[in-house]
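Take a moment with the structure below.

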There are 2 protein chains.
Amino acid sequence: MTIENLTINKSFGGWHKQYSHHSTTLNCKMQFAIYLPPQASNGNKIPVLYWLSGLTCTDENFMQKSGALRIAAELGIAIVAPDTSPRGAEVADDEGYDLGQGASFYVNATQAPWNRHYQMYDYVVQELPKLIESTFPVSAKRAIAGHSMGGHGALTIAMLNPQRYSSVSAFSPISNPMNCPWGQRTFSAYLGKDKASWRNYDASALMQQATQFVPAKVDQGASDDFMIEQLKPEMLSAAAQVSGYPLDLTLHDGYDHSYYFISSFIEDHLRFHAEHFNK
Amino acid sequence: MTIENLTINKSFGGWHKQYSHHSTTLNCKMQFAIYLPPQASNGNKIPVLYWLSGLTCTDENFMQKSGALRIAAELGIAIVAPDTSPRGAEVADDEGYDLGQGASFYVNATQAPWNRHYQMYDYVVQELPKLIESTFPVSAKRAIAGHSMGGHGALTIAMLNPQRYSSVSAFSPISNPMNCPWGQRTFSAYLGKDKASWRNYDASALMQQATQFVPAKVDQGASDDFMIEQLKPEMLSAAAQVSGYPLDLTLHDGYDHSYYFISSFIEDHLRFHAEHFNK
């Protein structure tokens, strides 16, 4: 696997870098960003937080807007931000912002034309960590987090792979995609009409039946315009109660769906992940 | 003066808001952003930091990327970010990114066609603070800061109005625009060929002859691609030595011209301004 360095910026004593590489899983060229804190230059292998962004985002949004690099530099955590879907002229797409490029929903598509490239679940779980861990001075300690569509991705990926992640967190996740317009539209396209195949990618369905627990922290803005129709945090809470899942879900008065919300509470998330890295 | 609220986002317990208003100084509609920290809701009048952005920016860049809101919320400082020039179809423009809209250089233009709208110096010094102080719960304690073209703007505006600002700071300012390509191109257009009129907008020229001192803090990335040809921090240092100006200028190894640099050191700037607000 060869990767190409695209950009490099010093930040908080560490380095933010963007790379491109050919993904064999996605069958296209992909871009990702990594923040390596100062501790990565000390000969130590440091843990990694994977961040999955929401609809329409790329590898850049979180790195530029979240304020996370400051805290990662203090705690000695690397952050990896993949793109939100396969990309390129040859990759299937849709005119809507909520399907196709920028909107992978982090699933393995089974339906044509999507199944040729849209294998983001395998990319995030397998190929990307393998590339990161063989290229950078990082350990196999991993956490995963995300926002909105990426919050859905983080929660489902952590629950399906409890041995691979020490903790998971989400801002404003799409908590029950089987039962919201965004999820129904994309799951129909990527996974087909059989809803049995949808359950494996539904955080509320997985949490309700969970028996192995990855500690989970979720923050949701109470003034988020998408909360009632698309995000449904109450379904995740109800599911956690059924299985006894260790879910710390907080509703924040006045906050919306934007990075103004994420940046306000990202420090809590990084400290939460650091605590579980150190257990 | 009527202003229209465009957006509102809760952040760090306070409120980020964007407004539009008709500027009589600029003779066009203008947009600005303000961050009001939680302390603005306590019936107190709080001090204001004005932030002037660089070439191609709008009111959004600093608010989204700097990480300053967290510290403003701690210290009880409002932040106001104007746009970087007059805007609109009727406003003179140029194909280059470094002249016309997005590139006012914060001067009062004297040459046609620019002089009809490009009066950003008066807008930033007079009209905008008047609007802010009559609309929001802020005091007349002001500081000013900026990046690149905005660092030039902040330094010149503070030195020309020492009674109006308690402190000034800049990241990577265009320190000697009379002697760099960016400054020579824009000053020729906005101010004409007579270089005597340029000196009033040149931070190094003003600092060298200063007799009233607004405390000044400047940070410059040593790996900034624009440093040698356009920014010339050494000219500002030399000028400060001549007049004995209290300039705290630091060169930072490895940092570039981006917000990855600004965000790394913005906390120091806000604490510097808070210290002088409290004197």
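Start in chain A, at A:Pro113. This proline sits in the loop between strand E5 (78-82) and helix H3 (120-135) of chain A. Keep in mind that the model is a predicted one. The peptide bond from A:Ala112 to A:Pro113 is cis, and its omega is near 0 degrees.

Move to chain B. There, B:Pro113 is placed in the loop between strand E5 (78-82) and helix H3 (120-135) of chain B. The bond from B:Ala112 to B:Pro113 is cis, again with omega near 0 degrees.

B:Phe12 is found in the loop between strand E1 (3-11) and strand E2 (14-23) of chain B. For B:Phe12, phi is near 50 degrees, a positive value in a residue other than glycine.

Next, turn to the helices. Two packed helices are described by the angle between their axes and the distance between the axes. In chain A, take helix H2 (residues 68-75) and helix H9 (residues 259-277). They pack at an angle of about 30 degrees, and their axes are 9 Å apart. Angles under 35 degrees count as roughly parallel. H2(A) and H9(A) are therefore roughly parallel to each other. Their crossing is right-handed.

Which residues make the contact? From H2(A) come A:Ala68, A:Arg70, A:Ile71, A:Ala72, A:Glu74 and A:Leu75. From H9(A) come A:Ile266, A:Glu267, A:Leu270, A:Arg271 and A:Ala274. Sorted by class, this contact of H2(A) with H9(A) has seven nonpolar residues, four charged residues and no polar ones.

Chain B has its own H2 and H9 to inspect. The axes of helix H2 (residues 68-75) and helix H9 (residues 259-277) of chain B come within 9 Å and cross at roughly 30 degrees. That makes H2(B) roughly parallel to H9(B). The crossing of H2(B) and H9(B) is right-handed. Among the residues in contact are B:Ile71 and B:Leu75 of H2(B), and B:Leu270 and B:Arg271 of H9(B). By class, the contact of H2(B) with H9(B) has seven nonpolar, four charged and no polar residues.

Now step back and view both chains. Two copies of a chain are related by a rotation about an axis and a shift along it. Here, a rotation of 180 degrees with 0.0 Å of shift along its axis superposes chain A on chain B, with an RMSD of 0.0 Å. The two copies are thus related as by a two-fold rotation axis. In chain A, the C-alpha nearest that axis belongs to A:Lys65, at 2.4 Å from it.

Last comes the interface. Three residues lead on the side of chain A. A:Lys10, A:Gln64 and A:Tyr260 supply 38% of the area that chain A buries against chain B, more than any other three residues. Finally, 100% of the interface residues of chain A are also interface residues in chain B, so the copies meet through the same surface.

Key. Residues numbered from 1 in each chain as written. Chains lettered and ligands numbered in written order. Predicted model: local features only at pLDDT ≥ 70, side-chain atom pairs only at ≥ 80, totals over all residues. Heavy atoms only, no water. Least-squares fit on C-alpha atoms with pLDDT ≥ 70 in both. Contact = heavy atoms within 4.5 Å. Axes fitted to C-alpha atoms, helices over the stretch in contact; angles between N-to-C directions. Helix = DSSP H or I, 4+ residues; strand = E, 2+ residues; numbered from the N terminus. Parallel < 35°, antiparallel > 145°, perpendicular 65-115°, else oblique. Left-handed = near helix turned anticlockwise from the far one by under 90°. Nonpolar A, V, L, I, M, F, W, Y, C, P; charged D, E, K, R; others polar. Buried area = accessible area lost by both parts, 1.4 Å probe.
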